[in-house]
Amino acid sequence: MAIKIVNGQIPNFDKGTLERADILIEAGKIVKVGSFEGDTDEMIDAKGRIVSPGFIDIHMHEETFDAVSGVPYFASVYELMMGSTTCVAGNCGNNRQSIHSFVEHVKEHGAPVNYMTFLGHNYLRRAVGIEDRYRAATTAEIEKMKALIEACIPYGIVGLSYGIEYSPGVDFDEMAELAKGFPNKSYLLSAHFRQDADGAVDSIEELVRLSRVTGHPMQISHIGSCSAYGHMKRSLELMAEARAEGLDILADCYPYDAFATTIGSAVFDEGCFERWQKGYEAILLTESPYANQFCTKELFESVKQTHPNMIVAAFVMNEHEVIEALKDPNVLVGSDSLYKLNQGHPRGAGTFPRVLGRYVRELGAIPLMDALRRMTVAPAKRLNLQFKGEIKAGYDADLVIFDPENITDLADFEHPTSPPAGIDYVIINGEVAVEKGTLERKNLGTYIPFETSEERVSESILD
Ligand SMILES: [Zn+2]
């Protein structure tokens, strides 16, 4: 079916401007952009709206298919509702199921969004029987993990994600050796750093070194939760210096001053409150019977024992440093969406609208075109997605139509999955999936295998 979108403003990233243009979509592709005659079966009037390439979320945590039979998709539905049309799963060292079962499931059933995935290092550690997160892998275990990486290459994984903070025993040599499991250097490495706050600068240095030693591009995960404690400026400088040296380093960041993870994880090991210079009252519990309660020392210690897998939010970062990151030429917007059914951090339903509403419109902290670039064309280049991230003839028809005057994230810690306001349409693979805030069509997305390319240094966003 053909769709014609008329009267909208579309971003032209080559020129850095918004332009009035109509768009014709047929068979999943954008076939015409500009001014042309003729009506189609479906007409969308985008007067007063921006028609953007669908947002590309380079950092999300996928579903646990096995645990939610009957409700197979929720995280990616919230992604779709906030304008994401392509999402990268398997971040922070973690996969929630094998690559095989994830890929086959998406291929067979489709998904709300187009999916790509990393293979997670901590997932591999568990797969080869390492139960102690405080020890390094042995040589034999590393060889087994390398074999597992090789076995996943045919599934089109984006690369390897590390979750160093979650497995403090992981050492540098283990990480570097594993990268040898890839057939070439175009596979991405992504990493959830070793330690935040006072540990941030050392952690960024370690990741730069990992890129230098392995020759692979490095995507530093959610730099806000690593460095927005007085260490952002130096962290961004380190990245810029590494790029000047020729290394391909970028980061992603979500637009919130609180992070979220499970209370039993190593993130909450001894010394964390001192590092953050915050007390137990900075920790919000998100699941019953304690949903929306802030902690006391007693409550924190007891829930850590009784509910180690509960997702909790830690209000410990400085928002002005999160903004600093989101303004940096080497930082993409990534949601780090993480839900357990409907519980978790609002970033999974609010990230992109929050950047466009709060940081672009309300605070005037980021220019609109710059924000859009970090959500579309820049992550598309990062992921070698040749036909996504821009609105041009021949490109995939993944689009989001929103009102720049009204787009607002409505998810908060009490209602972490509330869809945003101001998004009129989300179109994925040429079909309308979301109309006026309502999910119209399910599972129009597909699995996208990563395409390897000639070795290259991917551009800074503002180059
Ligand atoms: Zn992470």
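**Entry 1: the model.** I noted at the start that this is a predicted model.

**Entry 2: secondary structure and size.** I looked up the secondary structure and found 14 helices and 24 strands. I then took the radius of gyration, which is 21 Å; the globule rule gives 23 Å for 463 residues, so the protein is as compact as a globular protein of that length. For the extent I used the C-alpha trace, which spans about 65 × 50 × 45 Å along its principal axes.

**Entry 3: burial and contacts.** I checked how many residues count as buried, and the figure is 53% of the 463 residues. I also looked at separation along the sequence. Among contacts with a separation of 6 or more, 77% join residues 24 or more positions apart.

**Entry 4: helix 6 and helix 8.** I picked out helix 6, residues 200-214, and helix 8, residues 232-244. Their axes come within 9 Å and cross at roughly 15°. Angles under 35 degrees count as roughly parallel, and helix 6 and helix 8 are therefore roughly parallel to each other. I recorded the crossing of helix 6 past helix 8 as right-handed.

**Entry 5: residues in that contact.** I listed the residues on each side. Helix 6 contributes Ala200, Val201, Ile204, Glu205 and Val208. From helix 8 come Arg234, Ser235, Leu238, Met239 and Ala242. I sorted the residues of this contact by type and got seven nonpolar, one polar and two charged.

Note on methods:
Residues are numbered from 1 along each chain as its sequence is written. This is a predicted model: local features need pLDDT of at least 70, side-chain atom pairs count only at pLDDT 80 or more; totals for chains, interfaces and linings use all residues. Axes are lines fitted to C-alpha atoms, for helices over the stretch in contact, and angles run from 0 to 180 degrees between N-to-C directions. Helices (H or I, at least four residues) and strands (E, at least two) are DSSP runs, numbered from the N terminus. Angles under 35 degrees count as roughly parallel, over 145 as roughly antiparallel, 65 to 115 as roughly perpendicular and the rest as oblique. A crossing is left-handed if the near helix is turned anticlockwise from the far one by less than a right angle, and right-handed if clockwise. Two residues are in contact if their C-beta atoms, placed from the backbone, lie within 7 Å. Ala, Val, Leu, Ile, Met, Phe, Trp, Tyr, Cys and Pro count as nonpolar, Asp, Glu, Lys and Arg as charged, and the others, Gly among them, as polar. The radius of gyration is taken over C-alpha atoms; the globule rule is 2.2 Å times the number of residues to the power 0.38. A residue is buried if 20 or more other C-beta atoms lie within 10 Å of its own, exposed if 12 or fewer, and partly exposed in between; C-beta atoms are placed from the backbone.
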